[in-house]
Amino acid sequence: MSKEPDHTTEILQAESLYGSGAYKPLEIALVRGEGTRVWDSTGKEYIDCGTGVGVAALGHAHPALVAAISEQIAHLATCVNGYFHNDIRSQFYKALSEISPFDKTKIFISNSGTEAVECALKLARINTVRTDVITALRGFHGRTMGSLSATANPKYKEPFAPLIPGFAHVPYGDIDAIRDAINENTAAIMLEPIQGEAGIYPAPGGYLTAVRELCDQHGILLILDEIQSGMGRTGKWFAAEHDDVVPDIVCLAKALGAGIPVGATLFKESLSFERGQHGSTYGGNPLACRAGLTVIETIANENLLDHIADVGAHFKSGLEAIASSRPEQIGEVRGRGLMLALQLRGRAGKTLSNLMINNVLAVASGSTIIRFLPPYIITKSEVDEVLQRLEDSIE
Ligand SMILES: *Cc1c(COP(=O)(O)O)cnc(C)c1O
């Protein structure tokens, strides 16, 4: 491994001098990645089980993505949707429609998760001619004003009140609470099939099916926010496939671009925008579309969905073994595929920083949860390494 020159102090100082104040990152600077590994500015190597919160799904610098993006940026990087058609965008639409849960799929491409959610909310209003949306407590849908209104956590939203009216937040997994929250103005119910930011809480068995039925009874649209759980993360293209539930609208981002910013809102054919009702300058640009297209092709070509299910089950049983050997420290293990969490009984900070000292990066959720969102290419022997280092790290 070639050692990078150590500019750590300079980097950290500049970031705290110029940064907006909205972030408080750990005191390391990541400067390079390859496969399942990343390196910091001192040359220290880590197994990356955070992947930028599930973004680097193919690992870092995947050769197929590097080749495709290099070629595309030299070829054509921008082509505004509203004015021109584009070959790569057409191929990306086709690839998305082939993995989509709908018989016939419509697609709006954007640049982030929160934009994918904004698009879904606008679609729901315009197509139902109603305004209200039911979402879940503990849910997370983004930071812009619409998606923030949909997010329940008062810590994120209270400073920005008044937000958009008409959002009701109900306990996740409680079908009666949804039934009680429905009114004649309910346009949509929006849920994550697995609540990600909250700390990996999968929908209880039968919940999504029951929500689907309620939506059908009341002519309400079901929006699934699969920004963290989708694009293969759980071993299927969409986490809701495990429950055989088909939404009306599905939101994607994170793993979709695997490092290039891409968001997408997929919806059933009976919904639509009229010309001019939505738009994005960057959204659907050929560079981003090429990234998304390459991600879908690579997941398919490398048979990664089966691998994710297999290596994910191995990871989960390893976490469960650690949990059962340390019942006084660990509460439970949650999740599916490569979207896993360890619920600690005490605070997670020390274990996370020990993990980092032991060359593994993971993601905190709240103050007591450690999330693992490794790249889809992680092997069982790498997982074993992570598990060993985790054992060494638990306080
Ligand atoms: C990350 C995330 C978002 C927001 O995505 P951004 O790209 O940060 O805007 C929305 N919903 C879920 C479920 C997420 O995990």
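View 1. Threonine 234 counts as buried because its relative accessible area is 2%, and buried means under 20%. The model shown in this and the following views is a predicted one. Threonine 234 belongs to the loop that runs between strand 10 (221-225) and strand 11. Its side chain forms a polar contact of 2.9 Å with the side chain of histidine 242. When residues up to four places away in sequence are not counted, threonine 234 touches Ile194, Ser229, Ala239, His242, Ile308, Arg336, Gly337 and Met339.

**View 2. Valine 250 in strand 11.** Strand 11 comprises residues 249-252, and valine 250 is found in it. With a relative accessibility of 1%, valine 250 is classed as buried. Which residues are in contact with valine 250, leaving aside its neighbours within four places in sequence? They are Phe102, Leu224, Glu226, Phe238, Ala264, Thr265 and Leu266. Tyrosine 207 is 43 residues apart from valine 250 along the chain, and the C-alpha atoms of the two are separated by 17 Å.

**View 3. Threonine 265 in strand 12.** Threonine 265 has its place in strand 12, which spans residues 263-268. The relative accessible area of threonine 265 is 0%, so this residue is buried. At 2.8 Å, its side chain reaches the backbone oxygen of alanine 116. Alanine 116 is also among the residues that threonine 265 touches, not counting those up to four places away in sequence.

**View 4. Strand 5 and its two pairing partners.** Strand 5 (residues 132-136) is largely enclosed by the rest of the structure, because five of its five residues are buried. Both of its faces are covered: Asp132, Ile134 and Ala136 are buried on one side, and Val133 and Thr135 on the other. Strand 5 pairs in the parallel sense with strand 7 (residues 186-191) over four bridges. Within that pairing, aspartate 132 has threonine 186 of strand 7 as its bridge partner. Strand 6 (residues 167-170) likewise pairs with strand 5 in the parallel sense, over four bridges. Here the bridge partner of threonine 135 is histidine 169 of strand 6.

**View 5. The surroundings of the ligand.** The residues around the ligand are Ser112, Gly113, Thr114, Phe140, His141, Gly142, Glu192, Asp225, Ile227, Gln228 and Lys254. By class, this shell holds two nonpolar, six polar and three charged residues. A backbone N or O atom of glycine 113 lies 2.8 Å from an oxygen atom of the ligand. A polar backbone atom of threonine 114 is 2.8 Å from an oxygen atom of the ligand. For aspartate 225, a polar side-chain atom lies 2.7 Å from a nitrogen atom of the ligand. On its own the ligand has 380 Å² of accessible area, of which the protein covers 82%.

**View 6. Helix 12 and the elements that cover it.** Helix 12 consists of residues 349-357, and its buried residues are Thr351, Leu352, Asn354, Leu355 and Met356. An α-helix has 3.6 residues a turn, so residues three or four places apart point the same way. What covers the buried residues of helix 12 includes strand 3 (45-48), strand 14 (339-344), strand 15 (360-361), strand 16 (363-365), strand 17 (369-372) and helix 13 (380-393). Asparagine 359, which follows helix 12, has a positive phi near 70°.

Conventions:
Residues numbered from 1 in each chain as written. Predicted model: local features only at pLDDT ≥ 70, side-chain atom pairs only at ≥ 80, totals over all residues. Heavy atoms only, no water. Buried < 20%, exposed > 50% of the residue type's maximum accessible area, 1.4 Å probe, protein only. Contact = heavy atoms within 4.5 Å. Pairing = 2+ DSSP bridges. Near = heavy atom within 4 Å. Polar contact = N/O pair within 3.5 Å; in protein donor to acceptor, adjacent residues only side chain to side chain. Areas by Shrake-Rupley, 256 points an atom, 1.4 Å probe, with all protein chains shown as cover. Nonpolar A, V, L, I, M, F, W, Y, C, P; charged D, E, K, R; others polar.
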